Amino acid sequence: MSLLKRIEQGQSNAPGGGDLDAKARLLAVQARRPTPAAAPQRDTYLDLKTRVQNRLLAELDPAMDVTRVSEVRQTIQELFDQVLSEENIVLSRPERHRLFEQIVAEILGFGPLQPLLEDETITEIMVNGAKNIYIERNGKIQRVPLTFESDEHVMRIIDRIVAPLGRRIDESSPYVDARLPDGSRVNAVIPPISLVGPTITIRKFFKNPITIEQLIQYGTITPEALQFLKACVEARLNIVISGGTGSGKTTLLNILSQFIPNDERIITIENAAELQLRQEHVVTLESRPPNIEGKGEVTIRQLVINALRMRPDRIIVGEIRDEAALDMLQAMNTGHDGSMTTAHSNSPRDTLARIETMALMAGMDLPVRAIREQIASAIDLIIHAERMRDGSRKVVNITEVSGMEGDVITLTDIFVFEQSGYENGKVLGRLRATGLRPKFMDKIEAAGIHLPASIFGLGERRRY
């Protein structure tokens, strides 16, 4: 038994024990109570913030156009100064600025998340309940000294994100995929599914999309490999980009889409629209979850089937994760060459296994060989990306799907990442050509594209 416990029960520290006077017991009990020094100060600040914020909301014109941010911000500034003056609230300049920015973020933005969303060095934001916010910067996860006021505060921000998209989150539907106005991907999970309180995961999109030059500069891919992929896209080969979570699949898909000619009609299909295609003729489709009555769901699979009736030159599916894989294969095999998609997997070989499994989920009772023949016929190229141990993203395989041998789909690596070491917290290595010429070179040649043999590590004697 601890000394403090014994004192509370009136026992001395001596072996024989003995009563202490009432004053000693009282002091011991008081010593055990937490010191409430910092709490009132924070509570006072929150009360002040809430009071000023509520007055501002009451006095702001509900019909105000919040999309005109600069005008609304100026109006809030005037009302803010007026409220502080009327209530005789004296704050230092930094405190005044901080309070104003927090209130503006609550009214116009996404509360405590707003400064993190505006920080371009942050690539991911993770909210684990009201008091734990983490970010990813330069491939590393770290905690930030920001918190929400309560779980209800987190829920208000989640509702603000999903409501404009016509989506909902509640106990009957406790998780949701959504997007922010800038295209950043959002996933939210709430109790009872989440035991730590409402959680939010935001995969941020750069306001200025990553360029081809930056991709090369970061060491994600080499100029030779990119020249080869450019030729593959222009020659209308069907491409699957694979990799784990956060490996840069969508970024690669955005980069490759830049090589699609402007005169082609592109249909994009996604769970939450996040692709940033720059062509003029793009139709963006987005799936829809069921409503509160369990009706009105529109799946990726239904959108792929519908896209075939929309006269597409190319179909781009943000990610295949279910039976829609079978319809994607059908689309690739029915004249929609040049289609692209992404899939989660650990390697090019695993990518084919996952697509096969997802196609079987369609419940068509097809023999495995028939599905594998569809895969071998539909997919020309797999680009596999990985997130390395230093946080960097790299293309580690560019692999041709070269056909069938018996019941097995054959793969041929055209480029492979060779790691040469790990120094100063950085992975060293380079994406190198294997020296093998892909079988689909005749398709690239037929498109009028001629690649130097040096791209494949074959020297300059021959051109393809």
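1. A word on the model first. This is a predicted model, in which local features need pLDDT of at least 70 and side-chain atom pairs count only at pLDDT 80 or more, while totals for chains, interfaces and linings use all residues. Residues are numbered from 1 along each chain as its sequence is written, and side-chain values use heavy atoms, with hydrogens and water left out.

2. Let's start with charge. Side chains of opposite charge can pair when their charged atoms come close. The structure holds 20 salt bridges; the term means a side-chain nitrogen of Lys or Arg within 4 Å of a carboxyl oxygen of Asp or Glu.

3. Have a look at Arg167 and Glu286, whose side chains form a salt bridge at 4.0 Å, N to O. This pair links distant parts of the chain, 119 residues apart: Arg167 is in the loop between helix 7 (151-162) and strand 4 (175-179), and Glu286 is in strand 9 (residues 282-286). Helices (H or I, at least four residues) and strands (E, at least two) are DSSP runs, numbered from the N terminus. Arg167 counts as buried because its relative accessibility is 12%, and Glu286 counts as partly exposed at 26%. Here buried means under 20% relative accessible area, exposed means over 50%, and partly exposed lies in between (1.4 Å probe, protein chains only).

4. Next, find Arg311 and Asp313, which meet in a salt bridge at 2.9 Å, N to O. Arg311 is exposed, with a relative accessible area of 55%, whereas Asp313 is buried at 17% relative accessibility.

5. Glu418 and Arg432 also join their side chains in a salt bridge, at 3.4 Å, N to O. They link distant parts of the chain, with Glu418 in strand 14 (residues 408-423) and Arg432 in strand 15 (residues 426-433), 14 residues apart. Glu418 is partly exposed, with a relative accessible area of 45%, and Arg432 is partly exposed at 42%.

6. Which residues of helix 11 (residues 300-307) are buried? They are Ile300, Arg301, Leu303, Val304 and Ala307. These residues lie on the same side of helix 11 because they cover an arc of only 165° around the axis; the arc is that of the directions from the helix axis to the C-beta atoms.

7. What do the buried residues of helix 11 pack against? Their partners are strand 8 (266-270), strand 9, strand 10 (314-317) and helix 12 (324-332), where contact means heavy atoms within 4.5 Å.
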